[in-house]
Amino acid sequence: MIDIHFIYGMLVMYGLGAILLLYITDAADENRPNAHIWLALTWPVITVATVIEDLVLGARGDDDE
């Protein structure tokens with residue numbers, strides 16, 4: 001069974017990360033003024049996708065193996 005404190009902690013960390021990204025990024029493109037808001041809200045999806053890609057495909061880099 002999932003502990004309710006884990007869910008609360010996860011939501012708090014998501015909120016803090018979204019607020020951090022919202023304040024450290026700004027709208028750089030005049031055609032898409034809400035792009036930084038979408039980045040702040042979707043950063044966990046991007047992070048999980050990157051971690052899964054690294055696990056499946058292996059480490060990135062110019063290895064000679």
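Helices, as the word is used here, are DSSP runs of H or I with at least four residues, numbered from the N terminus. In this predicted model, the chain has two helices and zero strands, and Leu55 has its place in the helix called α2. Buried residues account for 8% of the 65 residues in the chain, while the accessible surface comes to about 5,900 Å², with 67% of that area belonging to carbon and sulfur atoms.

**Geometry of helix α2**

- Helix α2 covers residues 35-57 and spans only 29 Å between its end C-alpha atoms, whereas a straight helix of 23 residues would span 33 Å at 1.5 Å a residue.
- Within α2 there is a kink of about 60 degrees at Thr42, and this position comes shortly before the proline Pro44.
- After α2 the chain continues with Gly58, a residue whose phi is positive, near 95 degrees.

**Ala35 in helix α2**

- Ala35 is found in helix α2, and because its relative accessibility is 29%, between the limits of 20% and 50%, this residue counts as partly exposed.
- Between Ala35 and Thr25 the C-alpha to C-alpha distance is 9.4 Å, although the two residues are ten residues apart in sequence.

**The aromatic pair between the helices**

- The count of aromatic pairs, for rings whose centres lie within 6.5 Å, comes to one.
- That pair is formed by Tyr14 and Trp43, whose ring centres are 6.2 Å apart and whose planes stand at 15 degrees, so the pair is stacked, the cut-off for stacking being under 30 degrees.
- Because Tyr14 lies in helix α1 (residues 4-24) and Trp43 in helix α2, the pair ties together parts of the chain that are 29 residues apart in sequence.
- Both partners are partly exposed: Tyr14 has a relative accessible area of 30%, and Trp43 has a relative accessible area of 24%.

**Nonpolar surface**

- Val48, Val51, Ile52, Leu55, Val56 and Leu57 together make a nonpolar surface patch of about 640 Å².
- Leu55, one of the residues of this patch, is located in helix α2, and its relative accessibility of 70% is over the 50% limit, so Leu55 counts as exposed.

Definitions and conventions:
Residues are numbered from 1 along each chain as its sequence is written. This is a predicted model: local features need pLDDT of at least 70, side-chain atom pairs count only at pLDDT 80 or more; totals for chains, interfaces and linings use all residues. Side-chain values use heavy atoms; hydrogens and water are left out. The expected span of a helix is 1.5 Å times one less than its number of residues. The bend at a residue is the angle between axes fitted to the seven residues ending there and the seven starting there. Buried means under 20% relative accessible area, exposed over 50%, partly exposed in between (1.4 Å probe, protein chains only). Accessible areas come from the Shrake-Rupley method with a 1.4 Å probe; for residues, only the protein chains shown count as cover. Rings of Phe, Tyr and Trp (its six-membered ring) pair if their centres lie within 6.5 Å; planes under 30 degrees apart count as stacked, over 60 as edge-to-face and the rest as tilted. Patches are made of residues with over 30% relative accessible area and no salt bridge: like charges are joined within 9 Å, nonpolar side chains (Val, Leu, Ile, Met, Phe, Trp, Tyr) within 5 Å. A salt bridge is a side-chain nitrogen of Lys or Arg within 4 Å of a carboxyl oxygen of Asp or Glu.
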